[in-house]
Amino acid sequence: MDPALDRGEGLSSKRFWDWFIFPGGIWIALLFAIPLFLVLALSFGHVDDFGRGVYGFSMDNYKDVFDSTYVPVLVRSVGYALATVILCLLVGYPVAYFIARFGGKYRYVLLAALVIPFFVNYLVRTYAWVALLADQGLVNNLLVDWGLTQEPIQMINTPFAVIGGLVYGYIIFMILPLYGSIERMDPSVVEAGKDLYGSPLQTFLHVTLPATQAGILAGCVLVFLPAVGDFVSAQLLGGPDTYMVGNLIQDQFFAASNWPFGSALTVVMMLFLAVWMVFYLRRASKGEAEVL
Amino acid sequence: MSEPFYKPRFLRLFTGLVYLYLFIPILIVIVFSFNSQKSLQVMEGLSFRWYTEFFNDPTLMDSLLTSVQIALLTMVISTIVGTALAIGLVRAHSGTSKGFNILMLIPLITPEIVAGISALLIFSQLGIGLSIWTIVIAHITFSISYVTIVVRGRLASIGVEVEEAAQDLGASKWESVRLVLIPALWPAIVAAGLLVFALSFDDFVLSFFTTGEDAQPLPVRIWSMIRFGVSPTINAVGTLMMVVSISAVALAVLIPRLFGRRESGVKVLTGAEE
């Protein structure tokens with residue numbers, strides 16, 4: 001194929017480049033791919049008398065997962081994550097559009113400023129929201145001082161706070177791929193839409209939106225996947241009524257110490273995500289989706 | 001006029017508000033880290049009280065040291081392994097590269113909690129006690145993928161011609177990698193390393209699942225502090241962590257630019273020729 005690679009290096013050179021792949025590839029296979037199957041295997045197991053997880057062949061954990069206690073948590077997790085995706089898209093699209101089209105020479109400064117908050121520790125960022133939204137927090141103090149409300153409004157421990165925390169945590173994963181696809185879009189197609197007497201809305205819906213589809217899809221997947229598995233936002237900004245599947249899983253591995261059940265919950269969660277992951281991997285490996 | 005988003009004025013306002021939303025919580029953390037009182041609502045006066053408290057707390061200092069050690073080890077190992085993987089994936093045209101190309105992406109899109117549990121299970125299966133090393137191993141796994149993505153991006157813009165030229169001049173394949181490709185990739189490698197340092201330093205979820213009794217990294221310590229209640233020391237710790245990771249990221253962005261002019265592979269080649 002590549003003449004330079006086949007030339008004069010002896011037979012061993014055919015595999016020359018594969019040797020570069022092996023250390024990293026085998027590392028990921030051994031310490032990432034195989035452990036995923038351990039999770040699957042343990043999910044059919046049970047807990048022995050000492051509270052340790054033991055492998056087995058029973059479906060009991062899955063029966064428990066689809067028990068009426070846990071189904072609402074699964075539904076809630078997917079619901080919160082979808083709400084997060086939609087909010088990120090609605091907030092992120094105009095921002096990405098502005099930077100890509102009107103950022104001019106400040107484009108990279110604006111992008112860098114966008115990325116900075118993302119490199120502040122996620123716990124610290126979420127904790128800042130706790131301080132802001134608490135009943136005696138800054139926002140409520142201001143509202144009371146300005147006479148907008150008599151009593152503090154309960155903001156913490158609500159679904160809004162949890163979803164808000166998720167949006168704050170993951171919106172960067174939406175804006176970056178959106179920016180990439182808007183930046184690459186040829187502005188003349190918008191002109192063409194205009195020339196064809198498309199209304200602003202029509203032009204946006206029929207020209208801009210389809211042209212930036214790759215970025216939208218990548219952004220949605222990249223926000224949805226971590227949001228479903230998140231437990232920090234629900235733990236710090238929510239309460240037991242807003243717990244997500246991540247909180248349940250975390251509990252099984254620490255407080256409740258039921259690893260097989262935690263594994264089953266993880267497997268079920270991954271099944272929810274598998275479709276999205278496969279879809280994304282197919283596009284990314286063909287170079288059709290933004291990687292980050 | 002042609003799109004609802006056409007008018008920059010509306011867009012500018014909206015974008016400005018989003019930036020406020022992104023920065024206000026962070027500014028609050030920074031401002032209140034200098035508060036002289038315990039309050040998180042009212043600034044009473046300026047002081048370094050909470051920083052003094054942080055630096056005089058032996059467990060927190062221990063955690064800081066642990067976090068730095070983890071991030072450095074992760075950076076060094078994953079940069080070497082990840083760079084090799086990127087080179088292999090781009091240059092090899094074998095079935096091997098196709099499979100690993102997809103495998104390499106999976107750690108990046110798997111929710112961290114799943115990666116954390118998988119790591120916990122493999123360590124307990126192998127009977128490896130949780131320590132600083134288990135955290136490092138877990139961090140390296142996802143960092144390899146990050147490094148690979150960053151380096152591969154740079155690699156795509158370097159043609160094979162330079163290496164071919166080196167080989168025409170009598171270099172072996174390995175020499176053409178060592179003397180031509182690696183120097184040309186160097187800015188991207190450094191940038192990837194610094195990025196991984198920041199990600200590892202800030203990571204909570206993976207560390208949470210792979211941390212043992214002792215040597216808890218800073219984010220794991222912060223987690224237990226937050227759950228005990230709001231403490232102004234967290235603001236100081238948070239601000240310091242911010243300084244560390246943002247410096248690393250700023251360097252990661254600046255370094256390739258500093259090398260911008262000199263990274264052309266041809267020059268490196270002529271340099272290596274002498």
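In chain B, helix H3 passes helix H4 in a left-handed crossing. A crossing is called left-handed if the near helix is turned anticlockwise from the far one by less than a right angle, and right-handed if clockwise. Helices here (H or I, at least four residues) are DSSP runs, numbered from the N terminus.

Before going on, a word on the source: this is a predicted model, where local features need pLDDT of at least 70, side-chain atom pairs count only at pLDDT 80 or more, and totals for chains, interfaces and linings use all residues. Residues are numbered from 1 along each chain as its sequence is written, while chains are lettered from A and ligands numbered from 1 in the order in which they are written.

Back to our pair: H3(B) covers residues 58-91 and H4(B) residues 95-109, and they pack at an angle of about 135 degrees with their axes 9 Å apart. Axes are lines fitted to C-alpha atoms, for helices over the stretch in contact, and angles run from 0 to 180 degrees between N-to-C directions. That angle makes H3(B) oblique to H4(B); under 35 degrees counts as roughly parallel, over 145 as roughly antiparallel, 65 to 115 as roughly perpendicular and the rest as oblique. From H3(B), the contact uses B:Leu85, B:Gly88 and B:Leu89, and from H4(B) it uses B:Ser97, B:Phe100, B:Asn101 and B:Met104. (Two residues are in contact if their C-beta atoms, placed from the backbone, lie within 7 Å.)

Staying in chain B, look at H1 (residues 8-32) and H11 (residues 232-258), which pack at about 110 degrees with axes 8 Å apart. That makes H1(B) roughly perpendicular to H11(B). On the H1(B) side you will find B:Val29, B:Ile30 and B:Phe32, facing B:Pro232, B:Asn235, B:Gly238 and B:Thr239 of H11(B).

Now for the meeting of the two chains. Here 78 residues of chain A are in contact with 80 residues of chain B. Helix H2 (residues 18-42) gives the most to chain A's side, with 17 residues.

Which helices of the two chains come within 10 Å and cross at roughly 20 degrees? They are H6 (residues 122-133) of chain A and H10 (residues 218-228) of chain B, and they are therefore roughly parallel to each other. A:Leu123, A:Val124 and A:Tyr127 of H6(A) make the contact with B:Pro219, B:Ile222, B:Trp223 and B:Ile226 of H10(B).
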